[in-house]
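Subject: Structure handover

Hi,

As promised, here is the structure I've been looking through. Have a look at it first, and then read on for my notes.

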Amino acid sequence: MSRGEKRSVIVQFRKVPKYTHQFGYPAIPEHLLHHAMRSTDLVASQIKSAENDISIVSFMAGRSTFGNSRQLASKRWQASYWHEGVRHLAPNPFPSKADADAFLAEALTAIRGGEWIDPSAGKIPFREYADKWRAIQVHRSSTAAQIEAHLRNHVYPRIGDRKMASVRKSDVQALVRYLSSDDGDHKPLAPSTVEVVHTWVATIFAAAVDDGIIPRTPCTKIKLPSVDHKRVEPLSVETVWSLVNGISDRYRALVVLGAGTGVRISEGLGLTNDRVDWLRRMVRIDRQLLRVGQEDKPLFGPLKDKSNRPRTIPLPDVVVDELSAHVARFGLGPEGLIFTGPRGGPIRRTTFSDTWRSVAEPLGIPSGEGFHQLRHFYASLLIHSGQSVKTIQEYLGHQSAVLTLDTYGHLWPEGEELTRDAVDDAFSPLRARIAHKSSTAAP
């Protein structure tokens with residue numbers, strides 16, 4: 001087609017009457033559309049843009065517009081646009097045409113930048129989206145149960161039926177305040193529990209952003225109650241031995257194991273004979289007892305450590321002796337379990353907790369941490385014996401040495417005394433020579 005013929009086609013476009021497309025933007029007659037697409041790539045790209053509903057092509061005015069704004073009977077302005085074959089309305093009318101046009105401009109920018117969010121997607125209730133999110137997560141059974149309980153008891157009653165897009169930062173802050181305060185109709189949660197609940201709510205909203213359900217999360221800069229981290233006060237050796245001698249024989253070796261290796265209760269209850277190296281006096285901790293299944297079958301799972309790193313802990317003679325005596329008296333349970341209940345099956349944590357409290361309370365041991373206090377006792381013994389932070393971290397199975405220091409840093413000897421001793425030891429030969437010269441120089 002010659003340049004003159006192309007100019008003729010463009011002129012014909014300018015004379016096209018304003019046919020109305022079924023979607024609301026000007027239609028182009030088929031015979032002119034055919035010639036235009038053959039004549040120039042520019043015209044073809046404009047037509048393709050119109051067919052994708054991203055812009056409305058107006059060849060008459062020589063420009064392109066997006067969406068539509070019209071004045072309602074209330075004198076307010078309504079904005080709408082077509083995208084992917086669907087007409088989308090602004091959530092609320094605007095006070096002026098300029099505000100409506102600004103909304104359309106933002107929508108067009110989001111579409112072209114690949115950041116457009118379907119306004120209807122955010123209409124899904126929080127409860128429905130959260131349940132779908134939970135169903136696809138790879139969580140340990142204990143973690144999954146914790147999340148479900150927190151959402152059901154503390155979150156769903158407040159925002160469960162709210163549309164995801166309607167939840168604002170102020171709503172999340174109000175939820176945190178409600179859970180933290182004592183308003184008479186509920187018992188306030190501990191600050192650490194409120195922090196956990198907020199973490200899961202924030203995680204769900206972040207997932208909704210990634211899924212294109214909402215454009216941004218409302219869980220930003222939420223003020224949480226301060227968590228009072230109590231200093232660890234280890235039990236005394238005398239108290240621990242009172243526990244050992246006061247608890248029933250079936251659980252005696254379990255208490256000694258906790259005090260002599262620092263294992264967690266679920267790790268101790270899940271210990272099997274094949275994890276104990278009796279000759280080398282070592283124990284391998286690479287799993288824990290999650291729960292008791294049907295027919296008293298032990299169900300094991302990964303360690304609490306997020307990296308699921310197994311660890312090997314040396315067994316002191318007192319622990320080896322107690323374990324040997326225990327196995328000789330009670331035998332092994334299913335899958336070689338060392339600790340079993342009266343019927344020979346795995347021991348449930350709730351069962352042991354009841355036994356622990358019956359012995360610990362008369363001794364004045366604070367309730368709350370239970371068996372975990374033996375873990376603190378073990379850490380204190382290692383610290384006072386001069387073990388390094390790294391060694392203690394490895395034996396306890398902490399994620400990092402920072403956690404070990406944050407938990408037990410106050411148990412290390414005071415730095416001032418260690419500094420004095422280190423310098424005095426280094427200069428002790430010099431001080432001895434000075435003292436000797438002083439004594440010989442005296443008349």
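Predicted model: local features only at pLDDT ≥ 70, side-chain atom pairs only at ≥ 80, totals over all residues.

Let's start with the second largest pocket, whose volume comes to about 1000 Å³. Its lining is made up of 31 residues, and Pro91, Ile117, Pro119, Ala165 and Pro215 are the ones that lie nearest the centre. If you sort that lining by class, you get 17 nonpolar, 5 polar and 9 charged residues. Strand 5 (86-89) and helix 4 (97-112) each put at least two residues into the lining. Helix 4 gives the largest share, with 4 residues.

**The cavities**

How many cavities of 30 Å³ or more does the structure hold? There are 2.

The largest cavity has a volume of about 40 Å³. You'll find it lined by Glu267, Gly270, Leu271, Thr272, Arg275, Arg284, Ile285, Asp286 and Arg287. By class, that lining has 2 nonpolar, 2 polar and 5 charged residues.

The second largest cavity comes in at about 30 Å³. Around it sit Leu175, Val176, Leu179, Val194, Val197, His198 and Val201. This lining has 6 nonpolar residues and 1 polar one, with no charged residues. Two helices to look for here are helix 7 (169-180) and helix 8 (191-210), each of which supplies at least two of the lining residues. The largest share, 4 residues, comes from helix 8.

**Helix 13**

Last stop is helix 13, which covers residues 349-360.

Which residues of helix 13 are buried? They are Phe352, Thr355, Trp356, Val359 and Ala360. Looking down the axis of helix 13, you'd see these buried residues fall within an arc of 125°, so they line one face of the helix. As for what that face meets, the buried residues pack against helix 9 (237-246), helix 10 (249-261), helix 11 (265-269) and helix 14 (372-384).

That's everything from my side for now. Happy browsing!

Cheers

Note on methods:
Residues numbered from 1 in each chain as written. Heavy atoms only, no water. 1 Å grid on protein atoms, 1.4 Å probe; cavity = no way out; pocket = protein on both sides within 12 Å on 5 of 7 lines; lining within 4 Å. Points joined across faces, edges and corners; volume = space filled by probe spheres on them. Nonpolar A, V, L, I, M, F, W, Y, C, P; charged D, E, K, R; others polar. Expected span 1.5 Å × (residues − 1). Buried < 20%, exposed > 50% of the residue type's maximum accessible area, 1.4 Å probe, protein only. Arc of directions from axis to C-beta. Contact = heavy atoms within 4.5 Å.
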